[in-house]
Amino acid sequence: MDNLQQIKHLYARAGFGLSFDDRKRAGNSSIKHAVNALFRASENEEPINSVPNNIDYSMLIKGDKDSKKQLLQMQRQEEKDLNIAWVNRMSTTDAVLCEKMTLFWHNHFACRTNNSFYAQQLNNIQRANALGNFRDMVLEVSKSPAMLQFLNNQQNHKGHPNENFARELMELFTIGRGNYTEQDVKESARAFTGWGFNKTGEFVMRPFLHDEGEKTFLGKTGNLTGEDIINRLLEQKQTAHFICTKLYKYLVNETPDEVAVTAMTDVFYKNNYNIKPLLEFVFTAPWFYDGRNIGNLVKSPVEFLVSLNRQFYITYQRPEVLLQFQKVLGQVLFYPPNVAGWPGGRNWIDSSSLMYRLKIPSTILNGGLIDFTGKADPEEEAYIAANRKQQQFVNEKVQSQPDWDKFLKTVPANVSKQEIAQFILQPQITKTLSIELSNAADIKTAAIQAVSTPEYQLS
């Protein structure tokens, strides 16, 4: 594999794809240099502050009909704003590695809340620790109002333990199913009694609700606290193996290679769960660039949209359309299907979603009309229906604007349409596509043809 192929693969997995502009900046860098540059670009990533305040939802219960309606509208607008703010961040930032890993942790610590301030707070915890220390992240996530609320730990009281949070902490966040007993769940739930949050969204330990009694968890006995439970879980090497298996499937191949995963586990555990050394190991490992690991992962809907945005510098006159795309394709940020998150991999594609995926690039890049029939919520359906007869108006208000001038300026001189398509796609272009490209009127047409292929769904 030549240097360009390796850099393309690195950016596809550690970011959201390589643009011609990225390629120009990267030059003929070695892989080690390129990996270091990705980490440097992510050193000073800032939190998202789309939701400025924590709405007092007690007003929603106590208020009159108009007040309730106003608060629901505010809540809905904040959800949209937060979603779009993150998509925009992923689409424009230089800190692609941080955002790519934030997306991974967003699905690992899957959580749903109607409070956008709490959702943003959790998202920023995942961002701040995306390349930091897993132990710190587990602790901060466990103390976040969004997770405490989602997994009912507010109701976890001495004498009436609620096991929901403790169970998911083990099954989904750390050690994995089959590596603990039902008694461990019961004992650890007692350790987390009293963990909650106040009205301002700050973690509080409520001593009067905490079970101070002796507990035994994974063979350790004492007056264990929630922090003790997390530390005990991370003492088990199985936790490192569980996380590394999931990361391998996210970054390398949906089918884990046990030799590679074991090597990752050793690095992660030896480095006290620091994430940066683990990722450096993966991105510089020879097996990461093995041919069987190239172009074999299905892009998630968000990765698919963001990769288009980044490669063609797309802006949206009506950015709410980004939410529609997410709904149609089955991945709305901040709304995972359940605490296990989106299953991912080949589950992203079915006959319906594939048709949309193949149509969306030409729609975005070539001014097509977007049809969300049967997929939009009532408010958005009404908007589209009201404007369907006025195609020009709809195009102006809904459609996207790729910056073709900027894209064409970054394309190197004297390259063929086939070479451009091969740069955009991870798998090798087919003979059929090559012939079609020969008949393309210009580079713009060829680029649209390339991103409208099934191969563009792969990273």
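The model is predicted; local features need pLDDT of at least 70, side-chain atom pairs count only at pLDDT 80 or more, and totals for chains, interfaces and linings use all residues. Residues are numbered from 1 along each chain as its sequence is written, and side-chain values use heavy atoms, with hydrogens and water left out.

## The chain as a whole

The chain has 24 helices and six strands. Both are DSSP runs numbered from the N terminus: helices are H or I with at least four residues, strands are E with at least two. The radius of gyration is 24 Å, close to the 23 Å that the globule rule gives for 459 residues, so the chain is as compact as a globular protein of that length. The radius is taken over C-alpha atoms, and the rule is 2.2 Å times the number of residues to the power 0.38. Along the principal axes, the C-alpha atoms fill a box of roughly 75 × 60 × 40 Å.

Buried residues make up 53% of the 459. Buried means under 20% relative accessible area, exposed over 50%, and partly exposed in between (1.4 Å probe, protein chains only). The chain exposes about 20200 Å², and carbon and sulfur atoms supply 51% of that area. Areas come from the Shrake-Rupley method with a 1.4 Å probe; for residues, only the protein chains shown count as cover.

Contact means heavy atoms within 4.5 Å. Among contacts between residues at least 6 apart in sequence, 72% join residues at least 24 apart.

Charges come to 51 positive and 50 negative side chains, and the centres of the two sets lie 2 Å apart. Lys and Arg count as positive, Asp and Glu as negative; His and the chain ends are not counted. Each charge is placed at NZ of Lys, CZ of Arg, CG of Asp or CD of Glu.

Asn 83 sits in helix α5 (residues 65–92). Its side chain makes a polar contact of 2.8 Å with that of Gln 326. A polar contact is a pair of N or O atoms within 3.5 Å; within protein, one must be able to donate a hydrogen and the other to accept it, and residues adjacent in sequence count only if both atoms are side-chain atoms. Leaving aside residues up to four places away in sequence, Asn 83 touches Leu 323, Gln 326, Val 332, Leu 333 and Phe 334.

Leu 279 belongs to helix α15. Met 355 is 76 residues from Leu 279 in sequence and 34 Å away in space, C-alpha to C-alpha.

Arg 292 lies in the loop between α15 (275–284) and α16 (301–312). Its side chain joins that of Asp 257 in a polar contact of 3.2 Å. Beyond four places in sequence, Arg 292 touches Tyr 248, Asn 253 and Asp 257.

Asn 272 is in the loop between α14 (258–270) and α15. Its phi is positive, about 55 degrees, although it is not a glycine. Asn 414 lies in the loop between α21 (404–410) and α22 (417–424). Asn 414 also has a positive phi, about 60 degrees, without being a glycine.

| Residue | Relative accessible area | Class |
|---|---|---|
| Asn 83 | 1% | buried |
| Leu 279 | 0% | buried |
| Arg 292 | 44% | partly exposed |
| Asn 272 | 42% | partly exposed |
| Asn 414 | 81% | exposed |
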